[in-house]
Amino acid sequence: MRIKIGYLYPDLMNIYGDHGNILTLVRRCEWRGIPVEVVALNIGDPIAHGEYDMFFMGGGQDREQVMVCRDLQETKGDDIKREIDEGAAALAICGGYQLFGKFYRPFEGDELPGINVFDAHTVAGKKRCIGNVVAKSALGGKQGTVVGFENHSGKTYLGDGCAPLGTVTVGYGNNAEDKTEGAIYRGAIGTYLHGSLLPKNPSIADFLIEKALGRRGSDLPLASLDDSLELAAHAAALKRAVRTH
Amino acid sequence: MRTGNRLVLALGKGIGFTSRFLKAGGGSTLPGRTARRMSPSFVPNMVKELPLGSVLVTGTNGKTTTATLLASILDRAGMTPVHNRTGANLLAGIASALIRESDLGGHLAGRMGLFEVDEAAFPAAVEETSPRLVVVNNLFRDQLDRYGELDTLASRMKEAVRTLDPQSVVVLNADDPLVASIGRDLPHEVIYYGIDTDRYGSESMQHAADSKHCAECGSRLTYEYYLFGHMGRYSCPSCGTSRPGSQVSAVELEMVELEGTRCTVKYPGGEVTLFIPLPGLYNVYNVLAAMSCALALGVDIETVKEGIEGFKAAFGRVERVEADGRNILMILAKNPAGFNEVIRTLTGGTGRKNVVLALNDNIADGRDVSWIWDVDFEMLRDRLGRVVCSGIRAADMALRVKYAELGEDSLTVEPNLEKALQEGLAMVEQGETLFVVPTYTAMLTLRGSMVKKGLVAPYWEG
Ligand SMILES: [Zn+2]
C-alpha cells in the first residue's frame, strides 16, 4: 500500500526547516516498509480526486504568501478541502496554517481568503511571537507534550468547527491570549510550531501516517520504531524551552 | 575630541582591561556597550578622527573572513585599519574597537575604520559611521528570529545605502540576486564582483537556497547554473532582469582539496593569478569582496595579492590546530548555506572523515535550530567515519544525522563540548584529522578548551 504526499508549494513555502517535516514522514514510512511518494504541487498544478493521502504546506514570506493565496483560490483550495473531508491527512505550518483557515486580515490592504479547512481566522498583530513552545496535547499520545519553535506576528482565533492541537504551557501559541496552540480538523493539523515539528514529535508524524493509511483502507496499527533519539531531542527541547522563557 | 568622549574612553578602557584580566572573554563588547550608553554620539564623533574614513562589511556569511582579508591587505598598504576583529559585530563591537585602538586623549592609532556589521545592524551602522565604502557579500536566511524576513531586510539595506554620501562606493556580489538588486538605479558608483566560470556550477539548487525570486517583479528566476546556495548565473524570464556584469571576476578556478583554491581574477585594468589559502567556493567570494574593496580604495594589485596569499584565517572560521600528533580542523558553520559549503569541503579528499558537530542555541547562534533541516547532510553519505554530536542541542543534531541516514551505529551524543572534543580526538589516529563543525558560541567554548590545553592562543592576543 503506497501513500502519496502532496507537498504544496515547496519552492515558495519552506521557510523554517520544513524539509525536516517531509523527511520525517518519508523516513518513518520507509523504516516500516510502507512505500511513500512525495509529489510537489506548484502554482497551477491541479489536484485530482482521490490522488493524495496527505498534504503538507509550510510557511513563507509575505510576497510568497500572496502568490500562494491566489493559486489556492483559483486551482486547489476547494479540492484540498474536499480531500480532507474525505479522510486525507494534512499538516499546515505557520503561513500554511493561516491559509488553511478562513481568512488572514493584514493591517493594510485586502484580506487574504483561506481555504476553510479550519474554522479559524487570523489577524495581523503588532508583536512578533518568537521562541520555544511547549503545549500539552491529547494528540501527543504517550508524550502528552508537543515541542517546537514559533515565529509569527499573525494572531489566529479558533471557532467551534475545529479543536486546538494543544494548550500552551510555555510560549505564545495561536494568539498570545487564550493559551491555545494550533488546530485539528479530522486528519488535518495546523500549527505555528516549526523547529522542525515532526522529528521531535514522532507521535504527530505517526498520527498523520496512520490517517493517510486509513484513507487507503488500512486500520492496522503502525509498527513501533526505536525513538530513543527522537524522545531525547524532545526532552532536550522541553528543558530548553523552560530555561529560555 | 570632546571632554565627554574622553571620560567615556577612560571608562571603556578600564572595563576592557578588567574583563580581559578576568578572562571574561576578550573584553570585546562590554566597553563599547558602556561607552554608547554614556554617550550616544560616541561612534559618530570617534570616526571623524579617522583620516581615511570608514568601510562597512556586511552579508550573512563570511563577513569576518572578508573584513580580516581586507585588513590584511590594508595593513600591508600602510592604511592601518581599526578593525572590530573578534566577531563582535554589533555597534557595541565597533565602539569597543575604537576604544581599544585609541589613547586616552582620543587619538586613534589607526587611519581607517574597517567594521563588520550584521545585516540587521547595517542601517544603524551606516548612520553612525558615514562610510566611504560598503560591501554586501551575500544574503541568506540566518537567524530569522532575529532579522525578520529576507526581502524586508534587503529593502531596509537598500534604503540605508541610498542615504550614503554621493561620493561613496558600493561593492556588491553580482551572483546573489537579492544583493545585486541593491545596486539597481543607485546614483552611487557600484562595483560588482562575481564568479565568471561554470566549472564548479551545478544544475540543481541546495535546500538552503533562499532567494529564488526576482527582486524586481517576484517571478521565479531561471538559472544557467548554481554555485553556492542561490548564487549563480540567473535571469528573470518575466522582466528581463539578469545578473549584472561584474568588474571583478574570477574567470578560472581550481580547488585544491582542503588546502585552498587557485584562481585567476580579472579586474579593471588587468588580470592576476593567486592562491587563496582557504577552502571552498564561499572563500572565493570573500576574497573577491576584499579585492574589490581594496582596489576601489586605491591599493595596488601586488599588495592585494600579498595580503590574500599571506592571510591567516580569522579565528575560528577555519582553524587548524595540532593536538598530540593529531590535527583538528575547526570550521564555523552558523547557517544552512555556510554549513552546506563546509559539507562540500568535507566531501573532498579521500577516506572517511571523523567529525564533531556542535549545535548551540544561545542568542548569538539563533534560538531556533530548525535551520539544520535545511542543510544537505545527505551529501555526506558514505563519507563519514565516527560522528560525535555535541552542544546544547546535541540531540537535535543527532536526529538530523539519523534522518539523513548517515550511520546510526557510529553516532555518539555528548552535549558537553569539552568531552565531545576529547572523544573526537580519541577516535582519530596519529597524523589524522578530526573535523570540528560548531555554531558560533559552541566554537567559543571549544576554542576556550583548546586555549586551556595550550593548543591555541587566546583570541584577543591573536
Ligand atoms: Zn523579474
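**Helices, sheets and one threonine**

Reply: Happy to. Helix α6 (residues 122-129) of chain B lies across β1, β3 (112-116) and β4 of chain B and runs at about 175° to β1(B). Please keep in mind that this is a predicted model, where local features need pLDDT of at least 70, side-chain atom pairs count only at pLDDT 80 or more, and totals for chains, interfaces and linings use all residues. Residues are numbered from 1 along each chain as its sequence is written, chains are lettered from A and ligands numbered from 1 in the order in which they are written, and side-chain values use heavy atoms, with hydrogens and water left out.

Me: What makes a run of residues a helix or a strand here, and how many of each are in chain B?

Reply: Both are DSSP runs numbered from the N terminus: a helix is H or I with at least four residues, a strand is E with at least two. Chain B has 15 helices and 17 strands.

Me: Why is α10(B) called mostly covered?

Reply: Buried means under 20% relative accessible area, exposed means over 50%, and partly exposed is in between (1.4 Å probe, protein chains only). In α10(B), 14 of the 16 residues are buried. For chain B as a whole, buried residues make up 63% of 462.

Me: And which of these classes does A:T75 fall into, and why?

Reply: A:T75 has 30% relative accessibility, so it counts as partly exposed. This residue lies in helix α2 (residues 62-85) of chain A. Leaving aside neighbours within four places in sequence, A:T75 is in contact (heavy atoms within 4.5 Å) with A:G44 and A:D45.

Me: Why are α4(B) and α10(B) called oblique?

Reply: Axes are lines fitted to C-alpha atoms, for helices over the stretch in contact, and angles run from 0 to 180 degrees between N-to-C directions. Under 35 degrees is roughly parallel, over 145 roughly antiparallel, 65 to 115 roughly perpendicular, and the rest oblique. The axes of α4(B) (residues 63-76) and α10(B) cross at roughly 45° and come within 9 Å, and the pair is therefore oblique. The contact includes B:L69 and B:I73 of α4(B), and B:V287 and B:A290 of α10(B).

Me: What makes β2 and β11 of chain B edge strands?

Reply: Two strands pair if DSSP finds at least two bridges between them. Nine strands of chain B form an open, mixed sheet in the order β2-β3-β1-β4-β5-β6-β9-β10-β11. At the edges, β2 (81-83) and β11 (270-276) each have a single partner strand, so one side of each is left without a neighbour in the sheet. The twist averages 15° from one strand to the next.

Me: How do you know that β1(B) and β4(B) pair?

Reply: Four bridges join β1(B) (residues 54-58) to β4(B) (residues 133-136), in the parallel sense. Within this pair, B:V57 stands opposite B:V135.

Me: Which strands pair in the parallel sense in chain A?

Reply: There, β5(A) (residues 103-105) and β7(A) (residues 120-123) run parallel and are joined by three bridges. A:Y104 has A:T122 as its bridge partner in β7(A). Both strands belong to an open, mixed sheet of four, in the order β6-β5-β7-β10.
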